[in-house]
Amino acid sequence: MDLATLSAKIATGRIGGTLSRLVPATPIWEREWDVCCVLDGCRLDLMREAAAAGHEALPSPDAVGSLWSVGSQSAEWMDRTFAPEHREEMARTAYVTGNPFSSQSCEHILVTSDDVLPLTADDFGVFHEAWRDGWVDDDISTIPPEPLTDAAIAIWRHRRKLGIDRIVVHYMQPHAPFRSQPGWFFGSADIEHWGQFTDGDDDDDVDLEALDPADREALEALADAEDDADETDSMNDPWLRLRDGDLSYEAVWAAYRDNLEWVLDDLTRLLANCDGRVAMTSDHGNAIGEFGVWSHPPGTPVPALRRVPWAVREGRDRGTCDPALPTELRQRGADGTERADDHGDDIESRLEALGYR
């Protein structure tokens, strides 16, 4: 078994989870914020670049700090951010998410536990899966930022009535697909492989004790975790297509930057309609060859994935828009009962469109 194959096994197995937890990490609960905006898959250098260009949603580049994320992939981030030890904070927090991993058990991602996913309304003060109703299937299939911002503004304005004093808003941008390059995304990517990398042979156990020190050290960087992923796993992943030479660095970076501006443009609306301390961060970055890693495999403790932005602005509610509460919150009765899940058939197709299956 070569080193790349071994790295791929580690990235999706329990050894990867052990290595990942060795990286010092800061749960978002340890920072001060009222509204925490999670921009899915945003690299630190990408946000600093947008800040240097003067985007109005961001502070100066010097004020864009960082933290070490608890995961290198969305399900891993959810699993550790919403772990049982954080239940007290979660009980007074609203979670508005555009990421369909919220509904998945993720047994295929072995670095996650069996205790957290899928998430439910019982886990939070308010739980709104915006992707269920806000999904679009136009040139690209995704959830744009606007439905999340609408829900966040309405929920935050009703926070006292809803019994919350914090809100996490999990946007899907700048994660692919990219609005400026719809031609890069085609067909359906198997959602079971979103963030998962396998070598097609799960029967070989890895004996770490048999490795020489150099190989063991290289494994801690999880070099080239995707080398044996088959072509269908990467057909909608621009980072793997960049690795394979199908796309240029300049084109991918420009599309990635445009997706960040897409969500930042809507965050200017959130900042103008939410009072309080608004933080902007990410669940993970995207690797572009650092330590031989591409995209964002789980259990991967490399800085390109785990060191994410942390920027803070003060929001002020100027009342420039007046969105309604999400339907299930308007319909929630006195006993707290919410509507039944009537979108189960849509979950798979929506995760496929994001490249997770």
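How many salt bridges does the count come to? The count comes to 14 salt bridges, where a salt bridge is a side-chain nitrogen of Lys or Arg within 4 Å of a carboxyl oxygen of Asp or Glu. Before you zoom in, keep in mind that this is a predicted model, in which local features need pLDDT of at least 70 and side-chain atom pairs count only at pLDDT 80 or more, while totals for chains, interfaces and linings use all residues. Residues are numbered from 1 along each chain as its sequence is written, and side-chain values use heavy atoms, with hydrogens and water left out.

**View 1. Arg 43 and Asp 45 meet in a salt bridge.**
Look at the side chains here: the N to O distance is 2.9 Å. Arg 43 is buried, with a relative accessible area of 7%; buried means under 20% relative accessible area, exposed means over 50%, and partly exposed is in between (1.4 Å probe, protein chains only). Asp 45, at 35% relative accessibility, counts as partly exposed.

**View 2. Glu 76 and Arg 80 pair up within helix H4.**
Their side chains form a salt bridge, 3.0 Å from N to O. Why are they about one helical turn apart? It is because they sit 4 residues apart in helix H4 (residues 74-81). Helices (H or I, at least four residues) and strands (E, at least two) are DSSP runs, numbered from the N terminus. Both Glu 76 and Arg 80 are buried.

Asp 266 and Arg 269 are both buried. Elsewhere, salt bridges that share partners link Arg 43, Asp 45 and Glu 290 into one network.

**View 3. Asn 286 sits in a loop between two strands.**
You'll find Asn 286 between strand E8 (276-281) and strand E9 (287-288). Is Asn 286 buried or exposed? Asn 286 counts as buried, at 1% relative accessibility. Its side chain has a polar contact of 3.2 Å with that of Trp 239 and another of 3.5 Å with that of Tyr 256. A polar contact is a pair of N or O atoms within 3.5 Å; within protein, one must be able to donate a hydrogen and the other to accept it, and residues adjacent in sequence count only if both atoms are side-chain atoms. Setting aside neighbours within four places in sequence, Asn 286 also has contacts (heavy atoms within 4.5 Å) with residues including Gly 41, Arg 43, Ser 295 and His 296.

**View 4. Helix H3 lines up its buried residues on one face.**
In H3 (residues 44-52), the buried residues are Leu 44, Leu 46, Met 47, Ala 50 and Ala 51. Seen down the axis, they fall within an arc of 165 degrees, so they line one face of the helix; the arc is that of the directions from the helix axis to the C-beta atoms. What covers them includes strand E1 (35-39), strand E2 (65-68) and H12. After H3 comes Gly 54, with a positive phi near 90 degrees.

Cys 321 is buried, with a relative accessible area of 17%. A search of the whole structure finds 0 disulfides, a disulfide being a pair of cysteine sulfur atoms within 2.5 Å.
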